[in-house]
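Student: Could you take me through one part of this model in detail? I would like to look at the charged contacts first, and then at the strands and links around them.

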Amino acid sequence: KLGDSPDWGVEQAHSSPYVTSILDNDDRGDKSLSARFGDSAGNWSDEYTATIFWDPDPQVLSGVTVNDGAAYALSTAVTEAVMADDGADGSGISGIARGLADFDCATAQYDTYVGTSTTFNLLPNESLAQYVYVCLRDKAGNTTGNAVSSTSPVTVDLQGPIGIKLAIAS
């Protein structure tokens, strides 16, 4: 019999894998499924229970800034700040994907999310104002729907000003 102990429900013939829905509502949190297995002679196994954390909602990615919004960076390595929230009862943010062009969050390659401020490398192109695009993934596998771009672009400037000759006439 399958169901939520102690209300076992009706006896059901099944094969592996058995598909059922214990996620009838939008309440996040631990969800359990219990099962006992019986044979045709009426013998029943002990109860087995599996628990998952149900988190149906993606995290909210509300903004990305690079180098505190500065227009120029003196290095290709910049600091990005991510404003994100997975909710008080969410599974927690686990992955971050970033790029210099818009991309599909569902197929992105994710790095481990280490916090709201991380280092990222821009292209060393001094004539290109670059936006950083970010997607997040939580431990349940939900991703932000679309990549979110930084609020302002950053241009990498790796060389100082070019000197001019100055002559003083007497």
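Tutor: Let's start with R98 and E80, which form a salt bridge whose closest N and O atoms are 2.4 Å apart; the term stands for a side-chain nitrogen of Lys or Arg within 4 Å of a carboxyl oxygen of Asp or Glu. This pair links distant parts of the chain, with R98 in strand β7 and E80 in strand β6 (residues 77-85), 18 residues apart. Strands here are DSSP runs (E, at least two residues), numbered from the N terminus.

A word on the source: this is a predicted model, in which local features need pLDDT of at least 70 and side-chain atom pairs count only at pLDDT 80 or more, while totals for chains, interfaces and linings use all residues. Residues are numbered from 1 along each chain as its sequence is written, and side-chain values use heavy atoms, leaving out hydrogens and water.

D111 is partly exposed, with 45% relative accessibility. The structure holds two salt bridges, and E80, R98 and D111 are linked by them in a network.

Now for the sheet. Strands β7 and β8 belong to an open sheet of four strands, ordered β8-β7-β11-β12 with antiparallel pairing. β8 and β12 (148-149) are the edge strands, each pairing on one side only. Two strands count as paired if DSSP finds at least two bridges between them; β7 and β11 (residues 133-138) are joined by six. One of the residues involved is A97, whose bridge partner in β11 is C135.

A search of the whole structure finds one, formed by C105 and C135 with their sulfur atoms 1.9 Å apart. C105 lies in the loop between β7 and β8 and C135 in strand β11, so the pair ties together parts that are 30 residues apart in sequence. The link is left-handed, with -65 degrees about the S-S bond, and both C105 and C135 are buried.

Notes:
Disulfide = S-S within 2.5 Å. Buried < 20%, exposed > 50% of the residue type's maximum accessible area, 1.4 Å probe, protein only.
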